[in-house]
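This briefing goes through the chain shown below, topic by topic. Please read it with the sequence and the structure in view.

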Amino acid sequence: MGNAQSPPKNDPRYVSAARAFTQKELEDLRSLFNHLAAQSQTNAKHISPSVFQSYFRLHGPLGERMFDLVTQERKDQRLTFEDLVVAKATYEKGTKDEIEEFIFRLLDVSGDNFVGRSDLETVMISIFNDILCIKGSEDRSSSHQDIVNIFLNAAKFSMHDGGGTEETMSFEDFKSWCTHLPSVKKLLGSLLLPPDSGRPGSQIPNLLTSKAIDSNIILLRKEYAWHIGGALSQHDVEDWKLLYHSSVNGLSFNTFLGNISNHAGPTVLIIKDKEGYIYGGYGSQPWERHADFYGDMKCYLFQLNPVASIFRPTGANNNLQWCAINFSSEDIPNGIGFGGRVNHFGLFLSANFDQGHTFSCSTFGSPCLSKANRILPDVIECWGVTQDAAQDKNDAVKGTVLERFKEDRNMLKMVGLANSSE
C-alpha cells in the first residue's frame, strides 16, 4: 500500500515503528488514541483534526500542518492508531537526522514544499500566542511583531521557491537556525507530548522583581527569557531574580558587585547600548575577583535585539568569564566580560560601567554583538538564576552577627581586600 492509505498493522512502517516502544508505552498510546477517538464522533475509529488540535493545543496553520504530517499527508482528515505510532516513533524516537527532517517539514505550514520567511513567521506567532500563551499585551515600546522578527532575523534563506520571488530556507539553513535558537528547537521537537507534561522548551522563567520597580524599564521580556533559557536545564529556568538594574541602582560597578555579592549561583547579564542593541551573557560562575579567565563550559553569549541568537562555547579555548577588580596592571583590565582575549573580549564592560567592547571571538563562535565594536551602555541588568528554592527561604533568617560577617567577608573577597591568609 502507498502513502495514500493509513498503514495497516502488518505494514513494515508500523511494524518497525512499534519496535521503538515498550509494551507499556504502546498500551499508553492505545489508551490515548481511544480517549481522543471517542471524542471525535467517528465511532472511535479515528481522531478528528479538531480533537487532535485541541488536545495538543496546536491551533491554526501549525496545528493543521502537524495533523497533515501525522496522517502522512493523506488529506482524509482521519488519524489512525497506526499513524500515531509511526509519527511518534519518527518524531520522538528517531535518529537526530530523522527528527530534524520531521521538524523541517513541520515548518512548511503553507504545504508548498518550501520553507520561507512567511512560514517561520506563522510558526513563531503560533508559539508565542497558542503554546507559550504570550499574547503581546504588555505595555512595551516594541510590538509583538517586533519580537517575532528578531527570531526571523536569525534565519538564513539561501534558496528560492522554484518560480516565486520568496527566498526559502535550505535544510542546512534550518539546522543553523536551530543551533542559535535552542528554545525553538526544543519546543518544536516536543509538540506531540501531552501539553500538561511540561514540554521541553515550553518553560519561561518566573521573573522576580521588586514591586517598586516599573515593569516598563525592565529589558528582560518573557520572550527574551524563554530564548535565553533554551540553552539551560529545566531547573535553571524556574526563578530568575533581578539583582541589579542601572536605571534603579545607577551605572556603578561597585553597586553592581554589592548587589550580587550574596548570590552564589549563575547570573544573566543584559546590556542595552546607546545604539539600541540588546545582548549579554550567561555567567555560570559567581562574579569574583580573578587575575585571569575562569568559568566553565556552561557560559554563553546571546543576542536579543535586533536579532535573537545564542552562542555556546566551541571548545577553542577556556577564556570564558572575566572579572578583574582593583588591579593596577594594564594587562589585567578591570571590569567583567566573556570570551576572546584580554582587551579583545567577546563582550566586556569596563569597571566604570560607562563603556566596553564586543568583538567576534572563537571562544563562543560569536560575532560582534552590537553595531560597532565599541559599546556605550545605556541600561545594564543582572538577574540571579535560582537553582535551589530552599536557598532563598534561608535568606529570611539571615541577619545575625555571624551571617553579616560572612556577607562582609564575601564582598571583601570580591574586591580583593580580604585577608590573604584565609
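Asn 326 is found in the loop between strand 9 and strand 10, where helices (H or I, at least four residues) and strands (E, at least two) are DSSP runs numbered from the N terminus. At 53% relative accessibility, Asn 326 counts as exposed; buried means under 20% relative accessible area, exposed over 50%, and partly exposed in between (1.4 Å probe, protein chains only). Asn 326 is not a glycine, yet has a positive phi of about 60 degrees.

The model is predicted: local features need pLDDT of at least 70, side-chain atom pairs count only at pLDDT 80 or more, and totals for chains, interfaces and linings use all residues. Residues are numbered from 1 along each chain as its sequence is written, and side-chain values use heavy atoms, with hydrogens and water left out.

**The chain as a whole**

- The chain contains 15 helices and 14 strands.
- The chain has 422 residues, and 48% of them count as buried.
- Of the contacts between residues at least 6 apart in sequence, 61% join residues at least 24 apart, a contact being heavy atoms within 4.5 Å.

- An open sheet is formed by 5 strands in the order 9-10-11-12-13, with antiparallel pairing.
- Strand 9 (321-324) and strand 13 (374-375) stand at the edges with a single partner strand each, so one side of each has no neighbour in the sheet.
- Strand 9 and strand 10 (residues 335-341) run antiparallel and are joined by 4 bridges; two strands pair if DSSP finds at least two bridges between them.
- Trp 322 stands opposite Gly 337 in strand 10.

**Loops**

- Ser 366 lies in the loop between strand 12 (356-357) and strand 13.
- Ser 366 is buried, at 3% relative accessibility.
- Not counting residues up to four places away in sequence, Ser 366 touches Leu 301, Phe 311, Phe 359, Ser 360 and Cys 361.
- Pro 306 is in the loop between strand 7 (300-305) and strand 8 (309-311), and the peptide bond from Asn 305 to Pro 306 is cis, with omega near 15 degrees.
- Lys 75 lies in the loop between helix 4 and helix 5.
- Lys 75 is exposed, with a relative accessible area of 57%, and has a positive phi of about 65 degrees although it is not a glycine.

**Helix 5**

- Helix 5 (residues 81-93) has 13 residues, which at 1.5 Å a residue should span 18 Å; its end C-alpha atoms are 17 Å apart, in agreement. The expected span is 1.5 Å times one less than the number of residues.
- Helix 5 is largely enclosed by the rest of the structure, because 10 of its 13 residues are buried.
- The buried residues of helix 5 are Phe 81, Glu 82, Asp 83, Leu 84, Val 85, Val 86, Ala 87, Lys 88, Ala 89 and Tyr 91.
- These buried residues of helix 5 pack against helix 1 (12-18), helix 2 (23-38), helix 4 (60-70), helix 6 (96-107) and helix 10 (182-188).

**Helix 11**

- Helix 11 (residues 222-229) is mostly covered, with 7 of its 8 residues buried.
- Its buried residues are Glu 223, Tyr 224, Ala 225, Trp 226, His 227, Ile 228 and Gly 229.

**Arg 65**

- Arg 65 is placed in helix 4 and is buried, with a relative accessible area of 6%.
- A polar atom of the Arg 65 side chain lies 3.0 Å from the backbone oxygen of Arg 105.
- Apart from its neighbours within four places in sequence, Arg 65 is in contact with Glu 73, Arg 105, Leu 106, Asp 108, Val 109 and Gly 111.

**Cysteines**

- The disulfide count is 0, by the rule that a disulfide is a pair of cysteine sulfur atoms within 2.5 Å.
- Cys 178 is buried, with a relative accessible area of 5%.
- Cys 361 is buried, with a relative accessible area of 7%, and is among the residues that Ser 366 touches.

Note on methods:
Polar contact = N/O pair within 3.5 Å; in protein donor to acceptor, adjacent residues only side chain to side chain.
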